[in-house]
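I opened the model to go through its sheet, a pocket and a few local features.

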Amino acid sequence: MGLYLLDYGAGNVQSLANSLTKLGHKFTWISQPSDFAKATSLVFPGVGAFETAIQHLTDRGLLEPLREYINSGRPYFGICIGMQVLFESSDESPSKGLGIIPYHISRFDDSNKSVPHMGWNTADLLSTATFSGTQDTEGIQESSYYYFVHSYCAKYDHEKNPKAMEWAYTTTQYGDELFISSVRKNNVFGTQFHPEKSGIAGLKLIDEWLSKPESAHTHAPPSIPTPVTPRPEHRLTKRIVACMDVRANDDGDLVVTKGDQYDVREKSATSLSSSSSIKATTAGAVRNLGKPVSLASKYYSSGADELCLLNITSFRHSPLHDQPMLAVVRAAAEEIFVPLTIGGGIKDTVDPDGTKRPALEVASAYFRAGADKVSIGSEAVYAVEKLLATGEKGNGAIETIAHAYGKQAVVVSIDPRRAYVNPETYNGPYKNELVYGKPDGPEKERGQAWWYQCTVSGGRENRPLSVLQLAKGVEELGAGEILVNSIDRDGTGLGFDLDLVNLVRKNVKIPVVASSGAGSAGHFVDVFRETDVEAALAAGIFHREEVRIEEVKEALRSAGINARVVPQIQT
């Protein structure tokens, strides 16, 4: 089979390539327009913006050959942007799509939910066809969860445009909106979700599509437009994120570490049982909690919904010359098939030889290595300070990366700490953001008031910026997600700072991840019950095996909170 992959030049296509390699399928990259004539099956994966995708395809002379390939009747499988470009147009772009499907891509309504739609949701079959006398669902299982990350969708409306709805194969609900989550007709199959990032369920779907004879993909019947009634609630799950702080130890090896309030060196010698994953250390040494790739693989097998690698040494010489960290990302991406975020040093830099490296170039290197998102920290604080002072935006790390790869590819990690004030006399600029200690709360908080001050450099420097100024500012600049850390709670095991999390969640319309302070599975239940955050992150308790990811998922389900079932990973 002449299987080809199309790389439009601005998305993480390495994830799909890794999936195919894992499954044992051989493929060739489309490198020039003439390659389309050699392809007998074509897969077009993509994460990013509609406009960027169309522009890159046009600039490289690939748009019309792609249209011709699809119209030739040969099998086509489009993923995310690879599905959306099949449509006529999009709210996201003035450029026209391929027009294969006579319909328009619209933005989600963010009046009652966060946008992007980000996380694990279901795909509900509208109808099924038969192949060789058996039910043929293209590998989609209604009981499985798949990973979505998008702000724009093809809304399902069987009355207004029945012709376009003939392409609809599955629908998914987000909030009260139903959208087309996969299309299938004739030789075309496409998914809005990312099977290459959907764990075992996604790998199974890819393998089933590729394992069928090509003739099975050329005559899929149209769907019959069907009324679909939205449910009272969507089935988007709450995400559990495992985070690994990575840095070089004193021998130059990259290790996963963790510290209280960012101090990662041992204060005394450590001796642990042989059953622990923590290695023995000596006083003053960098705390070593394991190797990044092996821990990432472990958490993937345990059912983590996302993984995050943060280089806390921040690429001190040059991010593009930091080959060990790039190698870690490549190796991890070959073993895990859920979203991977990389952070640390994603900013405009200058190499030792004077070569300027824009943040977009740095991010692109990590996307090509297999990352799905990049995390920006201190640079986001400086960008918002500039925005508030001058109103200037458009050329910073957040804006340029979001423009090229889509806002869903940009996470901003914020590190606030409490700034206590006199609750009776304070009349400063943050009086409307004050949080007051509850009478039945911790004794040291009773009668107290505070606002949340932003910091940079891992909490080592305070900035004259509140957490709400920062959160609203990065949303305006184009961030797609906010990770809310708490310097006060980090390493305490007291639970998430629910006041802080609620403050941010209620004032932005993009997804929010709660971080810092988890010490038990019950703390994850608390944060999802008491706030509307989409995800919660932990590090040390997972590394030290004080709490297992499986325990967290079970606690959530026991509490009636929708969590993805931990899959059985086949090795």
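I began with residue classes: Ala, Val, Leu, Ile, Met, Phe, Trp, Tyr, Cys and Pro count as nonpolar, Asp, Glu, Lys and Arg as charged, and the others, Gly among them, as polar. With these classes, I sorted the lining of the second largest pocket into 5 nonpolar, 10 polar and 12 charged residues.

The model is predicted, and local features need pLDDT of at least 70, side-chain atom pairs count only at pLDDT 80 or more, while totals for chains, interfaces and linings use all residues. Residues are numbered from 1 along each chain as its sequence is written, and side-chain values use heavy atoms, with hydrogens and water left out.

Pocket. I took a pocket as an open set of points on a 1 Å grid over the protein atoms alone, where a 1.4 Å probe fits, with protein on both sides within 12 Å along at least five of seven lines; lining residues have an atom within 4 Å of a point. Volume is the space filled by probe spheres set on the points, which are joined across faces, edges and corners. I read about 730 Å³ for the second largest pocket. Its lining has 27 residues, and Asn112, His234, Lys238, Asp532 and Glu534 lie nearest the centre.

Sheet. Strands (E, at least two residues) and helices (H or I, at least four) are DSSP runs numbered from the N terminus, and two strands pair if DSSP finds at least two bridges between them. I found an open sheet of 8 strands with mixed pairing, in the order E2-E1-E3-E4-E15-E14-E13-E8. E2 (28-29) and E8 (124-125) are the edge strands with a single partner each, so one side of each has no neighbour in the sheet. E13 (168-174) and E14 (177-185) pair antiparallel over 6 bridges. Glutamine 173 is opposite leucine 178 in E14.

Aromatic pairs. I counted ring centres within 6.5 Å for Phe, Tyr and Trp (its six-membered ring), with planes under 30 degrees apart as stacked, over 60 as edge-to-face and the rest as tilted. The whole structure has 18 such pairs. Phenylalanine 108 and tyrosine 174 are edge-to-face, at 5.5 Å centre to centre and 85 degrees between planes. Phenylalanine 108 is in the loop between E6 (101-107) and E7 (117-121), and tyrosine 174 is in E13, 66 residues apart.

Backbone. Most residues other than glycine have a negative phi, and most peptide bonds are trans. I noted a cis bond from valine 115 to proline 116, with omega near 15 degrees. Proline 116 sits in the loop between E6 and E7. Cysteine 80 has a positive phi of about 60 degrees, and lies in E4.
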